Amino acid sequence: MSSTDVVELILQDHRRMEDLFRTMRNVEADRAAALEEFAGLLIAHASAEEEKVYPALRRYKNVDGDDVEHSVHEHHEANEALLALLEVDDTGSQEWDEKLEELVTAVNHHADEEERTLLNDARENVSDERRAELGEAFRAARAQHLEAGCGSVENVRKLVESVKD
């Protein structure tokens with residue numbers, strides 16, 4: 001039985017992203033396929049957090065609203081790093097490796113911070129029932145984004161450009 005606790009679901013995604021990073025760093029692996037899965041997961045995960053989880057957490061006085069804002073900002077940075085990697089054609093090139101490391105740095109920094117701040121706050125201040133409700137909402141939104149092909153280079157480009165406007 002898989003958990004519906006939103007904190008657990010977010011952590012599961014973070015661990016999956018780490019697995020995909022390991023695959024993308026492996027020159028013998030299918031890096032393009034790993035990147036494709038990663039791109040969808042990152043965008044769906046961040047979008048679901050911003051739509052369903054962050055607005056709910058903001059309502060708790062013991063959850064720091066600045067942490068929420070900071071997380072949204074870090075999602076944008078990760079999206080920019082993802083787009084830079086998606087735009088590199090040759091997965092065997094040095095440029096690909098460099099852009100991958102920039103993406104790894106951005107995503108790992110965010111995941112680490114989010115786990116230490118927002119997710120710990122959620123665990124301490126949000127009831128099990130409410131975390132389960134948020135988990136269901138997060139999972140549904142995430143699935144919807146994945147079905148819409150949210151990790152495509154075109155969509156990621158749109159997301160990055162929408163922030164610059």
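R123 and E8 form a salt bridge, with their closest N and O atoms 3.7 Å apart. By salt bridge I mean a side-chain nitrogen of Lys or Arg within 4 Å of a carboxyl oxygen of Asp or Glu. R123 sits in helix α4 (residues 94–125) and E8 in helix α1, so this pair ties together parts 115 residues apart in sequence. Helices here are DSSP runs of H or I, at least four residues, numbered from the N terminus.

A word on the source. This is a predicted model, where local features need pLDDT of at least 70 and side-chain atom pairs count only at pLDDT 80 or more, while totals for chains, interfaces and linings use all residues. Residues are numbered from 1 along each chain as its sequence is written, and side-chain values use heavy atoms, leaving out hydrogens and water.

Back to the pair. R123 is partly exposed, at 37% relative accessible area. E8 is partly exposed too, at 32%. The cut-offs: buried is under 20%, exposed is over 50%, partly exposed is in between, with a 1.4 Å probe and protein chains only.

Next, E37 and R16. Their closest N and O atoms are 2.8 Å apart, in another salt bridge. E37 lies in helix α2 (residues 31–58) and R16 in helix α1, so the bridge ties together parts 21 residues apart in sequence. Both belong to a salt-bridge network of R16, D19, R22 and E37.

Last, helix α5. D128 bridges to R131 at 3.2 Å. Both lie in α5, 3 residues apart, about one turn of the helix. D128 is exposed, at 55%. R131 is buried, at 8%.

Across the whole structure, the search finds 15 salt bridges.

Technical notes
Helix = DSSP H or I, 4+ residues; strand = E, 2+ residues; numbered from the N terminus.
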